[in-house]
Amino acid sequence: MSLIGYRGGSSTGVPLTVGSVEWHDVIVTNERLERSTMMEGESQSYRATVTDDVGNAIQSWFSVRLVAVDSNGNKIKLAEVSFAPDIYNPDTKEVAIAFQAPPAGQYTVKLEWDDQIQPS
């Protein structure tokens, strides 16, 4: 009777590149609305200057939520957009997001975003 054995060795291998993430903070300044009073269902735009922490324009794949927050901390999502050319101008670093007024009440309108990594 014969036993089966296998000799030690290694495969030829496959290439692997390991990268790292260079994290940047997002800085929002000059937030403004076309008007501060609206009627339910009316439309207007939120505008702001948005850069990274060293003053560079934000990449077009970056996405944000525009939310209205009431005095109890409840949020209503007004819009969710990526920084496509019709939303964000990388030369002026200004974002313009159209939205419709939420139900009657007092709100703070602001941007929110999650950690994001450039798509590969």
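Tutor: Setting aside neighbours up to four places off in sequence, S45 is in contact with R32, L33, E34, I97, A98 and F99. Keep in mind that this is a predicted model. S45 itself sits in strand β2, and its relative accessible area is 13%. That makes S45 buried, because the cut-off for buried is under 20%.

Now pick R32 out of that contact list. R32 makes a salt bridge with E94, and the closest N and O atoms are 2.2 Å apart. R32 belongs to strand β1 (residues 26-33) and E94 to strand β6 (residues 94-100), so this pair ties together parts that are 62 residues apart in sequence. How accessible are the two partners? R32 comes out at 29% relative accessibility, which counts as partly exposed. E94 is partly exposed too, with a relative accessible area of 23%.

E94 has another partner to look at: it forms a salt bridge with R47, where the closest N and O atoms are 3.2 Å apart. Here E94 lies in strand β6 and R47 in strand β2 (residues 43-52), so the pair ties together parts that are 47 residues apart in sequence. R47 is partly exposed, at 29% relative accessibility. That brings us back to strand β2, where S45 has its place.

Leaving out residues up to four places away in sequence, V95 touches Y46, R47, A48, V50, F83, I87 and Y88. So what is V95 part of? The largest nonpolar core has 20 residues, and V95 is among those with the most contacts inside it, along with Y46, V50, L66, F83 and I97. The elements giving two or more residues to this core are β2, β3 (63-69), β4, β6 and β7.

E112 pairs with K75, the closest N and O atoms being 2.3 Å apart. E112 lies in strand β7 (residues 108-112) and K75 in strand β4 (residues 75-82), so they tie together parts that are 37 residues apart in sequence. E112 counts as buried at 14% relative accessibility. Salt bridges that share partners also join R65, K75, E112 and D114 into one network. If you search the whole structure, you find eight salt bridges.

The largest pocket holds about 460 Å³ of space. It has 20 lining residues, and the closest to its centre are E22, W23, H24, W61 and Q116. By class, that lining has nine nonpolar, six polar and five charged residues.

The second largest pocket has a volume of about 370 Å³. Its lining is made of 19 residues, with S36, M38, P102, G105 and Y107 nearest the centre. Those lining residues divide into 11 nonpolar, six polar and two charged.

Technical notes:
Residues are numbered from 1 along each chain as its sequence is written. This is a predicted model: local features need pLDDT of at least 70, side-chain atom pairs count only at pLDDT 80 or more; totals for chains, interfaces and linings use all residues. Side-chain values use heavy atoms; hydrogens and water are left out. A salt bridge is a side-chain nitrogen of Lys or Arg within 4 Å of a carboxyl oxygen of Asp or Glu. Helices (H or I, at least four residues) and strands (E, at least two) are DSSP runs, numbered from the N terminus. Buried means under 20% relative accessible area, exposed over 50%, partly exposed in between (1.4 Å probe, protein chains only). A nonpolar core is a set of buried Ala, Val, Leu, Ile, Met, Phe, Trp, Tyr and Cys residues joined through side-chain atoms within 4.5 Å. Contact means heavy atoms within 4.5 Å. On a 1 Å grid over the protein atoms alone, a cavity is a set of points where a 1.4 Å probe fits but cannot get out, and a pocket is an open set with protein on both sides within 12 Å along at least five of seven lines; lining residues have an atom within 4 Å of a point. Grid points are joined across faces, edges and corners, and a volume is the space filled by probe spheres set on the points. Ala, Val, Leu, Ile, Met, Phe, Trp, Tyr, Cys and Pro count as nonpolar, Asp, Glu, Lys and Arg as charged, and the others, Gly among them, as polar.
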